[in-house]
Amino acid sequence: MTSGRSTSGPNGDTADDHDGAAAPGADQRYRWPFAARDDELAAFETYLDNDAVTALLVHGPAGVGKTRLAEECLSRAERRGHRTERTAATPTGTALPLGALGHLLPPDAPVHDPVLTFHAAAQAFTPRPAGGRPRRTVVLVDDLQLLDNASAVLLGHLARTGSVFVVGTVRTPGPPSDVVESFEHEESTRRMDVAAFAETEVADLVRGFLGGPVEHVSLSTLAQASRGNALVLRELAVGAFTSGVLVRDAGLWRLTGRLAGTRRLTAIVRSRLENRTGSQHRLLELLALCEPLPLDVLQSCGHTDDTEALEEQGLVRVHINGQRIVCTLDHPLYSQVIRSGISPGRRREIYREQASRLGALGARRREDGLRLASWRRAAGLPVGLDTLLPAARMARHVRDYPTVVDLLAGIAEGDATLEVWLLRGEAHHHTGRWDTAEECLSAAERLAEGDENVLTVAMERTQNLYWGLGDTTRALEVNTRAAARLEASGQQVLRVNEAAYRLYSGRVPDALRLLDEADAIPVPRLRMWAQLQRSLALSYADRGGEAAELARGVHEELTAAEGEQRPGSPSSHASGPAIYRIAALTDAGRAQEARDVGRAAFAQAVGARALAPQIWLAAHLGRCELFAGHLGPAHDWFVEALGLARGHRVRRAVTFAGAGLAVVLAQTGRVDRADAELAQLRGPETERQQASLMMRQLATAWRSAVSGAAEEAQRVLAAAAGQAREAGMSSYESWLLGDAARLGAAAEVRGRLAELSAGSDSPLTAVRARLAAALTDGDHGELYEVAQRCGQLHADMTGAEAATEASAAAGRAGDPRAAAAAAVLARRLLDRCGADQVTAPRLPATAVRPLTDRERHVARLAADGLSSQEIATRLVLSVRTVDNHLQRIYGKLGVVSRQELARALG
């Protein structure tokens with residue numbers, strides 16, 4: 001498949017990118033969207049409508065978006081018929097009386113006479129009528145704290161007399177301002193504090209700027225780097241785009257390198273750091289290289305006064321970290337800019353001093369070993385294995401695998417111990433270097449002695465072979481060889497390990513039999529890992545409810561036990577168990593719960609830089625959205641998983657996510673792209689997970705369906721369902737047969753779906769069986785109930801199709817009210833699916849007769865419980881007119897009561 005990579009500029013268009021999403025245009029200025037301030041704007045409009053309120057002061061730190069918010073307030077006021085004016089106070093203008101307002105006064109205003117000037121200003125700003133009432137002039141004063149006293153007095157007078165409404169921005173923190181205090185002393189002044197954007201708000205802004213979906217990892221990176229500061233966020237995003245670091249690949253924007261920002265941002269940061277004393281500058285350099293540092297260390301270095309001064313200026317932050325009071329730079333960008341100005345010699349000097357100081361103190365805390373080793377290496381000092389190993393252990397404990405690799409890279413092969421090889425192999429595995437990991441773990445296997453070490457190496461190596469290199473045969477060989485060296489308890493663990501790999505390859509009954517031993521494993525973390533494999537097997541067997549509860553218990557227990565890794569357990573991250581939980585919840589028909597669990601775990605994995613969980617969580621979130629028929633989000637999750645998997649050569653994840661993406665592309669009619677994706681998935685059938693194979697066949701079937709070859713699609717689905725049945729993957733068989741029913745083979749699959757439903761605890765399988773039966777019988781009442789049940793299960797696209805069929809069947813049966821009700825339900829479910837919708841048969845839905853504005857108003861009041869008399873009184877209508885409206889509404893929506901009306905309106 002071609003990459004579809006695009007580097008067009010913000011807010012423009014790119015013809016070859018997916019979904020026709022607006023992509024940035026290189027020939028335009030970078031327009032930053034205004035978003036996430038709805039509450040503030042609503043408050044402003046309320047204040048503006050209240051004559052008792054004369055001023056709104058917008059407080060916030062530099063770059064948070066105060067001015068942008070104030071400008072939007074001004075635009076709102078202008079659209080409401082108010083005259084608007086703007087001025088900006090400056091430090092140089094403070095000494096010039098009326099300097100900020102001079103351009104707003106009449107040209108002939110006698111500025112030498114305050115009384116006459118005030119009179120002329122009052123006349124110039126006389127409220128003008130608009131919409132039947134006088135409208136005050138809205139005056140925006142940027143940086144109100146810098147306003148000269150004469151301008152402040154005049155503005156205050158005009159506000160009190162009802163001529164103007166003042167919107168002022170105030171930078172905080174900052175020195176006291178008499179002007180600000182004079183306004184805030186008035187009871188008619190309101191204050192609004194503008195905070196930094198939350199991560200979800202950052203995501204909305206970046207998507208708006210780029211005009212399309214953005215990889216979640218990249219959004220998290222931008223949110224953390226900007227800390228929600230609007231100015232910093234804009235400059236980082238623009239800098240990443242213009243430098244080619246932020247690109248669009250397969251319809252999804254993603255960062256492909258390090259954030260650098262723009263020259264403007266660097267200049268802003270440098271200006272904040274200028275004019276510091278020599279001692280303060282040395283403190284900033286020290287923190288840029290070595291933060292966080294305990295406050296007592298800085299005090300011992302003679303920086304007590306410097307710390308207090310820089311904290312007051314907002315450049316450093318003193319806070320509690322565990323049991324220590326530590327000091328850090330207030331923003332990551334400060335560190336980046338300061339480090340760029342430190343010479344190599346000065347760096348080595350700082351690291352040498354801090355390493356010497358920490359070594360003299362004994363490096364007593366757990367994290368001190370990591371800091372000591374890192375600083376000694378950065379200073380060019382020799383670091384022995386006795387220092388490197390504790391440091392690498394600590395880096396592994398906090399899941400900082402790149403640091404583990406870096407710390408152990410210099411150890412000669414002859415000096416490397418079993419622990420060194422194992423730590424190296426594990427770290428390379430988690431950073432996507434599968435071949436290097438295999439070399440390290442092979443060396444570890446040769447050195448391993450004793451059950452504990454043999455088991456630990458075997459678990460780690462088989463995981464790398466299967467998930468990293470995609471080699472099932474060698475994984476099972478390593479597992480068998482290790483089992484021969486172990487006592488009974490170790491062999492039990494490896495039997496479970498073997499069961500897991502056989503499970504993924506489609507031998508579910510065998511795996512379930514072997515996994516019956518999971519609860520008996522004595523080591524808690526190994527037991528929990530085995531139970532997760534059992535939950536997946538149960539999910540495949542279409543016992544999704546049972547699987548979901550088992551996965552939930554293990555996920556919660558394993559998350560609580562994250563602090564310590566035991567020997568013999570496969571390395572992972574606490575977010576990893578959520579993968580199994582999402583799979584089970586999806587098959588159990590609990591889509592919203594699956595989304596909530598998955599998104600929280602994905603954010604956790606991103607924060608911990610845990611690559612494998614990120615990939616598989618994204619892929620399973622894509623599968624969840626695919627089940628729901630929410631094809632836009634499904635596309636974006638699959639593309640994100642695929643991008644990460646291809647970038648790190650995770651073969652099995654490439655196949656799974658690629659197959660899922662092909663299904664989405666086929667269902668939405670993008671046949672060429674679906675074909676290209678399917679072509680890349682060809683290869684040795686034995687090295688694919690059965691789940692991936694099933695989805696690949698599903699994509700092939702939908703590709704045929706949207707091309708008009710419905711019989712071919714049914715044939716492919718029937719064959720795939722037969723393979724799923726042979727493998728014991730009943731949940732996948734149900735999925736495949738359900739889609740066959742959607743594509744016209746309801747009568748052929750009805751019987752088998754009924755059998756599967758009888759042996760399943762999944763409501764999804766039950767509703768698929770009901771759908772096949774209802775489609776075969778043409779029962780519009782049953783089809784309507786199936787559609788409602790699909791909506792409850794968040795299977796929205798299938799529900800919309802069922803409702804569409806119900807509407808058509810009701811029309812053929814001469815029941816227009818039922819036809820209208822079904823059409824309304826179909827439209828509501830389709831709306832939940834978003835813009836990307838299935839293009840194969842059964843859609844679009846029967847047209848819905850729209851309500852007029854008056855009917856919509858009457859319907860909403862009736863749905864809220866008002867009687868016809870109450871509605872008539874409120875709308876100044878007769879009761880008879882209201883009842884006539886209701887009859888027309890009932891006919892259009894296919895309902896017969898106010899209760900049904902409320903449901904129809906959602």
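Predicted model: local features only at pLDDT ≥ 70, side-chain atom pairs only at ≥ 80, totals over all residues.
Local features need pLDDT of at least 70 and side-chain atom pairs count only at pLDDT 80 or more, while totals for chains, interfaces and linings use all residues. Residues are numbered from 1 along each chain as its sequence is written, and side-chain values use heavy atoms, with hydrogens and water left out.

View 1. R282 sits in helix 10, residues 278–290; helices (H or I, at least four residues) and strands (E, at least two) are DSSP runs, numbered from the N terminus. With a relative accessible area of 44%, R282 counts as partly exposed (buried is under 20%, exposed over 50%, partly exposed in between, using a 1.4 Å probe and protein chains only). Setting aside residues up to four places away in sequence, R282 touches H303 and R346 (contact means heavy atoms within 4.5 Å). D306 is 24 residues from R282 along the chain, and their C-alpha atoms are 9.6 Å apart.

View 2. The 3 strands run in the order 10-12-11 with antiparallel pairing; two strands pair if DSSP finds at least two bridges between them. Strand 10 (293–294) and strand 11 (316–321) are the edges, each pairing on one side only. Helix 12 (residues 304–312) packs on this sheet, touching strand 11 and strand 12, and its direction makes about 105 degrees with that of strand 11. Axes here are lines fitted to C-alpha atoms, for helices over the stretch in contact, with angles from 0 to 180 degrees between N-to-C directions. Strand 10 meets strand 12 (residues 324–329) over 2 bridges, and L293 stands opposite C327.

**View 3. The second largest pocket.** This one holds about 1000 Å³ of space. Its lining has 31 residues, with V217, L611, Q614, L644 and H648 closest to the centre. On a 1 Å grid over the protein atoms alone, a pocket is an open set of points with protein on both sides within 12 Å along at least five of seven lines, a cavity is a set where a 1.4 Å probe fits but cannot get out, and lining residues have an atom within 4 Å of a point. Grid points are joined across faces, edges and corners, and a volume is the space filled by probe spheres set on the points. Helix 29 gives the most to the lining, with 5 residues.

**View 4. The second largest cavity.** Here there's about 210 Å³ of space. Among its 18 lining residues, F627, D739, R742, R768 and T798 lie nearest the centre.
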